[in-house]
Amino acid sequence: MIRKFIKKLLGKDGQTEGGANSLPPGTPVVIPVSVHGIDPTLLSKNAVRVTDTLQQAGFKAFVVGGAVRDLLLGIAPKDFDVATSATPEQVQRLFRRARIIGRRFQIVHVQFGQEIIETSTFRALVEAVDSEQIGARRPKKGELDRKTHVTDESGRVLRDNVWGEQDEDAARRDFTVNAMYYDPATQTVHDYHRGFEDIQKRVLRMIGDPATRYREDPVRMLRVVRFAAKLGFKIDAATAEPIPHLAPLIDNVPAARLFDEMLKLLLSGHAWACVQQLRSQGLHHGLLPLLDVVLEQPLGEKFVTLALANTDARIRAGKPVSPGFLFAALLWHLVLEKWQAYQSAGEYPIPALHLAMDDVLDAQTGKLAIQRRFVADMKEIWGLQVRLDKRVGRTPLRLLEHPRLRAGYDFLLLRCESGEVPAEAGQWWTDFLEGDSVKRDELLSQGSGSSGSTPAAKRRRRRRKPSGGRGGEGGEGGGGSENATSENHGKRVSSRQHGSEGA
C-alpha cells in the first residue's frame, strides 16, 4: 500500500524531484494517516498544545524533525520540536512561559513543567554568495548580534536568522528523513524531499549538495554517523563521499558544541556502533581526542569496549547513566599511564595521581570543554580506586559513607572484568557491600590488604632526625628517636589521605 501511494504521487519510474512525473517545486507530498500509520498516543500533549495554539492564532505550525522520523519508525520521541510561520516574538506572546534563546540559530523555548518544546520559525534558504562573509578572522564579541545570516571563510554558517517559507525551511534541513512535518490536527505528514521513501529504504541522504552542507555545519558529519548507528540506516554513497576530505573542518567547531554532540553520540544507546562508524568514515583521528583514546590504545581497548557496552545496555534498559563515569572510563588508561610515570619519578601515589589527572584533563578539556561537574565526578571515581585498593583497618568502613562509592565500585568491577585488576578485588568489595556487620568484620579480619590494583610507588628513603636535646621525652633508651620517626610518618599518611579525599 505504501509503495503504491509513493508511486502514485512521485511517478511509477521513481524519478527524482524535478522530473516529468514529480510534483511542482515547493509542493510537499501530503501523506494521510492510513499510509504513514503514526500512533497519536506517542505524541507529546504539550507539543500538540503548541501547534494548536499557533494554528488558532492564524499561523502554520507542525511537529518537525527527528520527532517525526521516530514516530514513523514507531519509536516514542524523547524530544519534540515545532516549526511555525510565526516569528520568535509572535510565539513568545502566545505562551505564558516562553523565552527566546540562541544567537546563531534563534528559537523559542516553550515550557510546560519539566518539558520544553523547542519552537523555531521557518528559515529561508540563503545561498552562500548572498550571505555576509567575515573571512578567516574571529568575530568580535557582539559583532554578529544584529546580523541575520553570516558565514566564515570555510562556509560555516555563524548566523541563520532569516525567516522564509515552509518549503525553504525544508530545503535547508540536513537529511531527508529529518525534513518532514507532521500536523496533529489533520494527522498528515508533509514531505518535501522524499524522506518517507528513504525511511522505508532505511537510507540517510543529505538534502542538496553534501559538501556544501557539511561546510555550512561540520557537525553534520558527526550527526550522520550517529543517526546511521542509532537507526541502523545505510549512508547514501553521495552523502558519505565528501566526509573524509572535509573531516578537518570539525576543528572549527566551538569546543562546547563539539562536547554536546559527542555526549549525544556516546549516550545514544549505540555508542560502540557510533565509534565504529566514526572510524569507517575517517572521523576519529585528531578530531575527537577522547575517541582517539578509545581507538588507539591497545591496552585500554577492552576496558573501553566494556564501558561503552555497559553504557549502551543501561540506556536501553531505561537506567540512568553518568557522563562523568563514561568519560572517566574513556580516559582512565591515559591517567594510569601518567600516574605510573610520576611514581617512577619518585612521587608518592596520591600526589602522583593528582598530577596525572590534571595533565590528562588539561589536554582533553582544551578541545572538548568537559563541564566542571563531570570533571569533579571523574576525579572522585579515579581517586576512589586507590582507596578501594585498601581493604584493611577502618578505610572500607569509612568508604561506606562516600557519596560516590557506588560509581567507584562499578568502575573497579569494570577494571576486574577487563583483566586489569584481579577478580578477587571486585568480589571482596561485592561481599563487603552486600554483607551484614558480622560478614564485614569477618572480611576485615582476613587481612587481605592491598590487591595490587594500583601502581606501586618507589619508596623514598627517609632520613632520621638526630635524637638529642628533648629526646628523653620519648621514653627510655631510643624511644625518643623512634617516636619522632613515627610522628613524621604519621604526617605523611595524613597528607596522602587528605589528597585521596579530594580526588
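Buried means under 20% relative accessible area, exposed means over 50%, and partly exposed lies in between (1.4 Å probe, protein chains only). This is a predicted model: local features need pLDDT of at least 70, side-chain atom pairs count only at pLDDT 80 or more, and totals for chains, interfaces and linings use all residues. Residues are numbered from 1 along each chain as its sequence is written, and side-chain values use heavy atoms, with hydrogens and water left out.

**Overall chain**

- The chain has 23 helices and 13 strands. Helices (H or I, at least four residues) and strands (E, at least two) are DSSP runs, numbered from the N terminus.
- Of the 503 residues, 48% count as buried.
- Take the contacts between residues at least 6 apart in sequence: 67% of them join residues at least 24 apart. Contact means heavy atoms within 4.5 Å.

**Active-site record**

- An unreviewed UniProt entry lists Asp79, Asp81 and Asp174 under "active site". UniProt positions are given in the numbering used here, feature names are shortened, and annotations may be inferred rather than shown by experiment.
- Asp81 sits in strand E3. Its relative accessible area is 30%, so Asp81 is partly exposed.
- Not counting residues up to four places away in sequence, Asp81 touches Phe62, Val63, Val64 and Glu118.
- Asp79 belongs to the loop between helix H4 (66-72) and strand E3 (81-84). Asp79 counts as exposed because its relative accessibility is 58%.

**Sheet**

- Eight strands form an open sheet with mixed pairing, in the order E1-E11-E10-E2-E3-E6-E5-E4. Two strands pair if DSSP finds at least two bridges between them.
- Strand E1 (29-31) and strand E4 (98-101) are at the edges. Each has a single partner strand, so one side of each is left without a neighbour in the sheet.
- From one strand to the next, the twist averages 30 degrees.
- E4 pairs with strand E5 (residues 107-112) in the antiparallel sense, over four bridges. Ile101 has Ile107 of E5 as its bridge partner.

**Helix pair H12 and H16**

- Two packed helices are described by the angle between their axes and the distance between the axes.
- The axes of helix H12 (residues 255-266) and helix H16 (residues 323-344) come within 12 Å and cross at roughly 90 degrees. That makes H12 roughly perpendicular to H16.
- H12 contributes Phe259, Met262, Leu263 and Leu266 to the contact, and H16 contributes Pro323, Leu326, Phe327 and Leu330.
- These contact residues divide into eight nonpolar, no polar and no charged.
- Axes are lines fitted to C-alpha atoms, for helices over the stretch in contact, and angles run from 0 to 180 degrees between N-to-C directions.
- Angles under 35 degrees count as roughly parallel, over 145 as roughly antiparallel, 65 to 115 as roughly perpendicular and the rest as oblique.
- Ala, Val, Leu, Ile, Met, Phe, Trp, Tyr, Cys and Pro count as nonpolar, Asp, Glu, Lys and Arg as charged, and the others, Gly among them, as polar.

**Two buried residues**

- Leu72 lies in helix H4. Leu72 counts as buried because its relative accessibility is 15%.
- Residues touched by Leu72, not counting those up to four places away in sequence, include His36, Ile38, Met180 and Phe196. The C-alpha atoms of Leu72 and Val177 are 9.8 Å apart, across 105 residues of chain.
- Trp429 is in helix H21 (residues 423-434). Trp429 is buried, at a relative accessible area of 0%.
- Trp429 and Asp389 are 40 residues apart in sequence, with 9.7 Å from C-alpha to C-alpha.
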